[in-house]
Structure formats: C-alpha cells, structure tokens
Amino acid sequence: MGRTIQETMEQEKTRLERIRRTRNKRQRRITLKQALVMLAVVVISVFALLPFYQMIIMGTYYTDQLYTGVKLLPGHYLMHNLRNILKHDFFLFYANSLIVAISNTVIGVAISTLAGYGFAKYHFKGEKVSRVESERGSGLAEIYGSATFGNHNWGLLCGKKGIRWQ
C-alpha cells in the first residue's frame, strides 16, 4: 500500500511539473498586440516625462543659453542659478503657490462632494445630462473653482510680493 501512495505522489509531482512548464512557456510568449501596447506605453511615458527632464536640464543653464537650441545634457550653472533663486524670496513665492493649490483642491473637492450628494439623493429633469457633464470633468464645479479661485485672483489678493508671514 505504501508503494501505491508513493507512485501516486510521483505521478502528481510530474503532473505539477508539466503544468509549471506549460505556464512558463505561455508567460514567455508575447503577442504582437501586447508588444505594440507595451511600445505605445513606453512612447507615451517618454513624452510625458520629457518636459520634466527638460525643466531640470534647463535649470542648469544660464538664461541667455536657453534659447540657443534644444539642450539634452546638463549645463554648468546649476549652483549659480540656485543661489540666484534663493536670493529672491523663493520660499515666499513657493508658500503662495501652495496656498493657491491647496485652496483650489479643498474648494473643488467640497463642491464636487456636494454635487455628488445631490446627484445621489435627488432626482430632477435633466439629471442624466448633468451627470454626464460632471463625469466628463468639465462640470460647473471645476469651472466655478478655477474662475473664482484661480491664480489670477489670488495674485491680486496677495499683492505684488505675496502674502507676508509675520
């Protein structure tokens, strides 16, 4: 009886090994469609990340050199540019940008939450049109938030030098 259990275990082992091998073969094969999708993702990713790379590279050049062509390699003026930025209230301007970004986000989320509650609880004529409009991302909350609390109004409220922290 011990022999049949041992044979059964060996058969099960070989069966599992066969399954593992076929899975590995299946996983290694990449279809043409998958390869094209991967290529498209890589190309889109490069195009999406290229502006950030360019921004960092441009920060290493002197101002007059920025308009002489496309720069792909870093320049030698990084420390000079950093010293220049830190001389001119950089953290104050950064704080103003944070205030604008956070307030726009909070107000946009609050308005969208109220609109979502209204869509969930109340039914009215034109509900489907309003819901489609808000799901597309060009709803009234976004328009209202950007028109009322956009950078231009905050810049006027904060003055030329921005908000002074005292």
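Accessible areas here come from the Shrake-Rupley method with a 1.4 Å probe, and for residues only the protein chains shown count as cover. This is a predicted model, in which local features need pLDDT of at least 70, side-chain atom pairs count only at pLDDT 80 or more, and totals for chains, interfaces and linings use all residues. Residues are numbered from 1 along each chain as its sequence is written, and side-chain values use heavy atoms, with hydrogens and water left out.

Figure 1. Helices (H or I, at least four residues) and strands (E, at least two) are DSSP runs, numbered from the N terminus. Reading along the sequence gives the pattern α-α-α-α-α-α-α. The accessible surface comes to about 14500 Å², and carbon and sulfur atoms hold 66% of that. Of the 166 residues, 13% are buried (buried means under 20% relative accessible area, exposed over 50%, partly exposed in between, with a 1.4 Å probe and protein chains only). Taking contacts (heavy atoms within 4.5 Å) with a separation of 6 or more, 42% join residues 24 or more positions apart.

Figure 2. The predictor's confidence in each residue, pLDDT, runs from 0 to 100. Its average over the chain is 78, and 73% of the residues score at least 70.

**Figure 3. Lys71, a buried residue without a salt bridge.** Look for Lys71 in the loop between helix 2 and helix 3 (78-87). Lys and Arg count as positive and Asp and Glu as negative, while His and the chain ends are not counted. The nearest side chain of opposite charge to Lys71 is Asp64, 11 Å away. A polar atom of the Lys71 side chain does lie 3.4 Å from the backbone oxygen of Gln65. Leaving aside residues up to four places away in sequence, Lys71 touches Gln54, Ile57, Met58, Tyr61 and Gln65.

**Figure 4. Glu12 and Arg15, joined by a salt bridge.** Side chains of opposite charge can pair when their charged atoms come close. A salt bridge is a side-chain nitrogen of Lys or Arg within 4 Å of a carboxyl oxygen of Asp or Glu, and by this rule the count is one. Here the N to O distance is 2.6 Å. Both residues belong to helix 1 (residues 2-28), three residues apart, about one turn of the helix. Glu12 is partly exposed at 35% relative accessible area, and Arg15 is partly exposed at 39%.

**Figure 5. Asp89, a residue with a positive phi.** Although Asp89 is not a glycine, its phi is about 45°. Asp89 sits in the loop between helix 3 and helix 4 (90-121), and is partly exposed, with 31% relative accessibility.

Note on methods:
A polar contact is a pair of N or O atoms within 3.5 Å; within protein, one must be able to donate a hydrogen and the other to accept it, and residues adjacent in sequence count only if both atoms are side-chain atoms.
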